Amino acid sequence: MHILTYCGLILAICTLCTAVPAKSANACGYDACNPGDPNKLNVHIVAHSHNDVGWLKTIDQYYYGSRNDIQHAGVQYILDSVIHALDENPDRRFMYVEIGFFWRWWNQQTDDIRNKVKQFVNQGRLEFISGGWCMNDEATTHYNSIIDQHTLGAEFLHEQFGECGRPKVGWQIDPFGHSREQASLFAQMGFDGLFLGRADYEDIQTRNRTKTKEMVWKGSANLGEQSWLFTGILPNGYSAPNSFCFDRSCSDQPIMDNDHLYDQNVQERVQAFLQAARDEAAGYATNHIIMTFGDDFNFENADEYFKNLDKLIKYVNAQQANGSNVNVFYSTPSCYLYALNKADRSWKSKTDDFFPYAHHPHGFWTGYFSSRAAFKRYERHANNILQVTRHLNAFANTNARNTLFPLSEAMGVAQHHDAVSGTEKQEVAFDYAQRLSEGIQAAEGIINQAYAKLLPKDSQSPPIQLQYLCQLSNISQCLGIEGQERFTITLWNPLIHQVTQHIRVPVRTDYTVRDPTGETLFTELVPISQAVQNIPGRTSLTQKQMIFKVTLPALGFNTYYFEKKPDQVKNEKSSVKITHNEECTLKNQHLRVDFDDQGNLHQIVNLDRNIGVQFKSQGFYWYQGFAGNNSRPEFQPSGAYIFRPLSSDPQPVSTARSITCIKAESVQTAIVTFNNWASQEISLYDGGEHVEIEWTVGPIPINDNIGKEIILRYDTDIQSQSKYYTDANGREVLERKRDYRPTWNYTAVETVSGNYYPVNSRIWIKDEDQQFTVLTDRTQGGASIADGSVELMIHRRLLYDDGLGVGEPLNETAYGEGLVVRGKHILFIQPPAASAFYHRVGSQRLYMSAVPTFAIIPQTYDNYAAAYRQTWSALTDTLPLNVHLLTFEQLAPQIYRIRVEHYFELNEDETYSHPVTFDLQSLFKSIGQISEFTELTLAANLPLTDLKRLTWLSSEQESSHIFVPEQNAAKNTTIRLIPMQIRTFNVLVQ
């Protein structure tokens, strides 16, 4: 099945490189649309099935229809049934989103069925919408993975269906709040519009009253019109109008049209539908409205649904002879969008986002920003490995893309709005994690193939050194190297800039470490904290870790050679100083961090800038989750989706704490232990310009029958004036204001959860003189509940289900106890004008860090150095610091897909917030000469020169029309990036 995915790949790629895909002679896209009647109320009936790629059941169980005792759902039968029903009546139309399911189904079909499906697509009767592997979450996902999962689906659709299979509309009907960055990314993919199913209840009330549920969403503060996206909020979530669900899962009455029946109901049903259409039209601005017919896993018996819709359309339209102005017909989201575009009017614009989302005054869906914190980190870690493996595959020319498909596919599934969001059942969460684990295992094989080519010197054919990933290094465990005489660590730096950092390696004994030039590195042994040693499931007896500084080449690797020290050398006196429960000051060349003897953090001083932040308090607190029974909104409990604390005043996890101060030359650390389940290690590295906090939380105790939501809070003296700043999916940053919404008069009922926003990579507060920034290693819910304060929710353990479908409390366990979670925060104290440089560069390094692989080495160092390269870089030129290599992937021999981005925003840094130019060829010097390259839309499924988006007019009389540059016919490979711009290319190399 994996090979089938890419069976037509080379042809598809070459088409994108060299020519415009031929448009089908059949009518598809907007050419296939029913324009409606300009003198009537046109009701666009959109038949669909919302298919979660995991939620209450696993993706496999949903596809095959197993475990129907949990939920009756079988996607293969839905698609079988829909295709049959479309064949029965040429008027019928259907739309589909989740390519992760459709791909499975397609690979099992005969050529006859495939040809029939292609015919439906070419006629515009089956329309793919969004086209991602899943319908991704928007609060907890990273932009890199959003783009990747849409590219995976778009590639399949392009390969199988050509231009008629290219989605033109986004369909985010079930995610629990909507990100501005998602809108920007969709616009850059060439979409003409986006439809949403959920928005805050107060927002909906306002928009209904003002007829502004359809708008021009300005998705970026940096990219102008190319980020604008027409956006509409659907009238019924994504369900059928009340009493008109004709699915087997519903109990609504069918259309009974035999006049000889006592139960004949045509007139009643027609009048009810006409009233529903008029009621809906009252909240929209044109004579076109959309009605979705479908829901979760509907249309397993498509004939039942379509037969009743056929009748409904027939009898409603028959009323036109009696003066009715309602015109009903089968349509698609694209056709509805096109009708609105032809309405020749302006639309209110929006510049903020749709977070946080609440469905009633006590129901804020802000808990899932932090739910399943361990899986949120594992997904980010898996992406790091995916990108590095793509690099290695490309630069070693191993042509192993198909072998990497399991990880690409697992990552695509993990972006689902009931996956990385943490809102799935526990067994499904295990399945998601297992898929990522198996994908990483497949990647490890490619890493070995690549290093088997890159490591040996040109004139040598030495034995292949088996490389392996140490997956438990986050708990200081790497069993494969324990007790070994010799081993190597090879670190691949996926950034296109040189990186200096400190490496920690858990070891039983002391080693001599040689750098790539053969020089012996300065190393130190520091203790592994007791909190880490006590983590349930940690089997290593290692109590120490070796730490040393490395400088890694841009887009390349260094190898470090470890050799066990002789016994007489091991006994040398350590220079590491350790104190307990005394005052502790961490200090390096740039920063000073002061603690008292009780472990309280008092201040962080930036020595270079002569500024400092005082801390009133800092540490772990917990909110008690509300224990409601869901009978009324005021009894809404906290759960996987909802964050609702019993009190707005969180409690400290402990009234006392202890501090251990460890001072080495490479690093100085304060280990602050709050109790037996909460501790933090605050570290300052030699030469470092940030403070690192590594936190360990769990098992959260519940023996008191109280669910707890754990935050790490920083209370400073910064005068933040109710404002704080959070990122959108790891990219642009939005200003937040406590108890405020930019687009409606907000009623503050839940004063804590109503102020939580998703923090994908950073949050900060600032005043005129200083900015306090926190970087995160995964998505967490965050807020500033009081001036000067920043809090991030890092772990949750709850005892009640919040009544929103998942059907179980969020109570994660491992090894018979509550789950332990570890993570990092990176802190910066800088003047506001200087802060962007630090948090932009720092965040890129945190999310795309160097990936270490380990190998057991039999040779002496001299023999090893004679046979193997110990350093290598794909680059010979220094590339601009504000450019990031987002994608570097070998698609086929000599064909590559690359994405480059400018990752600074406008006006945030005096040096790096300006346009930048560089030569694409500089990325390919180790591979060959670029002979041809084509710029594509963001999802890589259309040459940019062929992009023709619909134009919209905002209420400010601004046009969304964009200028699409002509293809660069010359061989000039120098490109220009403006702030926050991502550019995508297919490249042919000779």
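Buried means under 20% relative accessible area, exposed over 50% and partly exposed in between, with a 1.4 Å probe and protein chains only. The model is predicted, so local features need pLDDT of at least 70 and side-chain atom pairs count only at pLDDT 80 or more, while totals for chains, interfaces and linings use all residues. Residues are numbered from 1 along each chain as its sequence is written, and side-chain values use heavy atoms, with hydrogens and water left out.

**View A. Salt bridge between Arg372 and Glu424.** The closest N and O atoms of the two residues are 3.9 Å apart; a salt bridge is a side-chain nitrogen of Lys or Arg within 4 Å of a carboxyl oxygen of Asp or Glu. Arg372 is buried at a relative accessible area of 4%, and Glu424 is buried at 1%.

**View B. Salt bridge between Asp510 and Lys565.** The N to O distance is 3.2 Å. Helices (H or I, at least four residues) and strands (E, at least two) are DSSP runs, numbered from the N terminus. Both residues are buried.

**View C. Salt bridge between Asp787 and Arg738.** Here the closest N and O atoms are 2.7 Å apart. The pair links the loop between strand 34 (780-783) and strand 35 (789-797), which holds Asp787, to the loop between strand 30 (733-737) and strand 31 (757-759), which holds Arg738. Asp787 is partly exposed at 38% relative accessibility, whereas Arg738 is buried at 16%.

View D. In contact are 21 residues of domain 2 and 21 residues of domain 3, contact meaning heavy atoms within 4.5 Å. About 1800 Å² is buried between the two domains, 61% of it on carbon and sulfur atoms; buried area is the accessible area (1.4 Å probe) that two parts lose on being put together, summed over both. On the domain 2 side, His502, Arg504 and Pro536 lose the most area to domain 3, together 26% of what that side buries. One salt bridge is counted between these domains.

**View E. Salt-bridge network.** Asp148, Glu155, Arg390, Arg401, Glu889 and Arg897 are linked by salt bridges. The structure holds 48 salt bridges.
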